[in-house]
Each structure stands twice: as C-alpha cells, then as structure tokens.
Amino acid sequence: MPESPKFLLSQNRSTEALQVLTKMYQLNNGREKYYEVYELTPEVGVSMTTKKGWDGVRQSLKDQTAPLLERPYLGYFAICCTNCIISFAIYGGFCLWFPQIMNQVLSDTSGKGTVACKVLQGNKSGQNQNDTQCSETIQQETFYYTIVLGFIGMFCSLVLSLVLRRVSSKPVMIFNMAIAGTAGILLQFVTNSYAVAVLFSVEIMFCAMGVTLINASAVSLFPTHVKGMATSLINMTGRFSTFLFSSVVGMLMAQSCHLTFYVLSGLLFMSSALTLLLP
C-alpha cells in the first residue's frame, strides 16, 4: 500500500505523489486512460510542521484548525455543521424509534384512520390511565417495515452514488432536504399505515443521504490541508446531535407530536435554504 499523495507531497516527494495519483486514476478509469497532470504544486501559504512529538501534534492541530475560523471557510464550516446536526439528529433519532413508532401505528385498533401523531399521543394517554399494564405485543409487520427501511437505504445509497457522478452535491442537497421536510409535513395528514411507513422511510433515508452529501460538499469546499479536520469536526457535531435527539425524541412526540414534526420539517427546509449560500 503506497503512502498517500498528500503525505508524499508534504515530504517534498512530488514525483512519487504524482505516480500514486496516476495509478489511482488508471485503476478507476482503465489502464488505457492517460492522466493529464504533469506536475504537483503545494498549496500556497501552507507550511507543514517539522516538529516531532507532542509539539508537532499541537502544531499540526493548530495548522489544520485555525483556517476554519477565518473567512470564507468559517461560513462554510458553520453551514456544514448546521446541516449535519439537522441531518444526523433526524436520521439517528427517527431510525432508532422507527420500529416503536410503526408498532404503535399498526397496533391502533380504533379503525378510524387516525393520523400517526394521534395514535402516539393516544397510547400515552391510555398508559397514564392504567400504568400497571404494559403491552409487549410487537406487530409482525413492524419487522417487515424495518427490513424494508434497510433495503431502501441501500437503494438510495446506490442511486446517490450514480447521481453524484453527473451532478454536483449542492443541488442534490437542496432537493434532498426539501423532500425530507415535505415528508415530515405530510406525516401530519396521512392515515394509512403503509403511507406512514413510506413517509417515515423517506424522511429518514433522505436525511441519511444528507449526511453523505454534506461530506461530499466539505471535501470540495475546504483546501487539502484542512479538509480532514473540517470533515471530522462536522461529523463529530452531527453524531453528538444524534445522541441528544435520540434520547428525547420519544418524549417530544408523546408530549407534542405535531409541533415536533413541524419544527423538524422547518429545520430541514432551513437546511435546504442554507445550502444555497454555499459556492
């Protein structure tokens, strides 16, 4: 396994770095393809630290983090972090609670075509009246829907990889988050359990694809010497939001289900609008 081109370039081994890039290009595009790059030039104003030990680690962290606090990268970084927090929170939170939500919807015996939020809040009211009883019944269809959700995720990832070959991540991100927000709004009105499952799946999976699109945007927005740190910090904030939201989403839906969905959909639309500010 050869060293990364970035490392080789930082060690003033530009010829070897170019050879590695050429090999990567040919492996991805066919041996007969000719790599039309003749020379590699280090980024202007970038100085690689030569310090060793902890001093070198601290200096490296500073060199990779400080540019993120300067314009224009600060704005890009803030937008990417915000979008990642929204996507990760909804994807992680709803994905964790999806089986429970669908089980309650499928267990509804009112027969009146009740919307999902009324079912969730109705079950809570029933539990408050008789706390000593706890239903452990899991509808068989709940397992089917959960499996289908996984297959939908696989299919969406495949489609996304094909789309990004032809279209930049920005317009796809705008469309993606708008669709997820629309699905959240529609969940307040549909009464069919199958439609509820589809809309939940759309919102969850499109938020999951949003995470991929955010990372794709970050790679293209930031220069080589800081993009590793940028993507790491962006994903760290997103995963922290998953931890927080998954802990409270059940309580939020039980207390104020409609408001929760409207707020989350609003955040998704806001994420779509913020993406317009990216280059």
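These legends accompany close-up views of a predicted model. Local features are given where pLDDT is at least 70 and side-chain atom pairs count only at pLDDT 80 or more, while totals for chains, interfaces and linings use all residues. Residues are numbered from 1 along each chain as its sequence is written, and side-chain values use heavy atoms, with hydrogens and water left out.

**View A. Helix 4 packs with helix 6.** Axes are lines fitted to C-alpha atoms over the stretch in contact, and angles run from 0 to 180 degrees between N-to-C directions. The contact (heavy atoms within 4.5 Å) includes F98 and M102 of helix 4 and Y145 and L149 of helix 6.

**View B. The largest nonpolar core has 55 residues.** Such a core is a set of buried Ala, Val, Leu, Ile, Met, Phe, Trp, Tyr and Cys residues joined through side-chain atoms within 4.5 Å, where buried means under 20% relative accessible area with a 1.4 Å probe, protein chains only. Helix 4 gives the largest share of this core, 16 residues. I234 touches F77, C80 and F222, among others, not counting residues up to four places away in sequence.

**View C. C80 is in no disulfide.** A disulfide is a pair of cysteine sulfur atoms within 2.5 Å, and the nearest cysteine sulfur to that of C80, belonging to C81, is 7.2 Å away. C80 is buried, with a relative accessible area of 2%, and C207 is also buried, at 0%.

Definitions and conventions
Helix = DSSP H or I, 4+ residues; strand = E, 2+ residues; numbered from the N terminus. Buried < 20%, exposed > 50% of the residue type's maximum accessible area, 1.4 Å probe, protein only.
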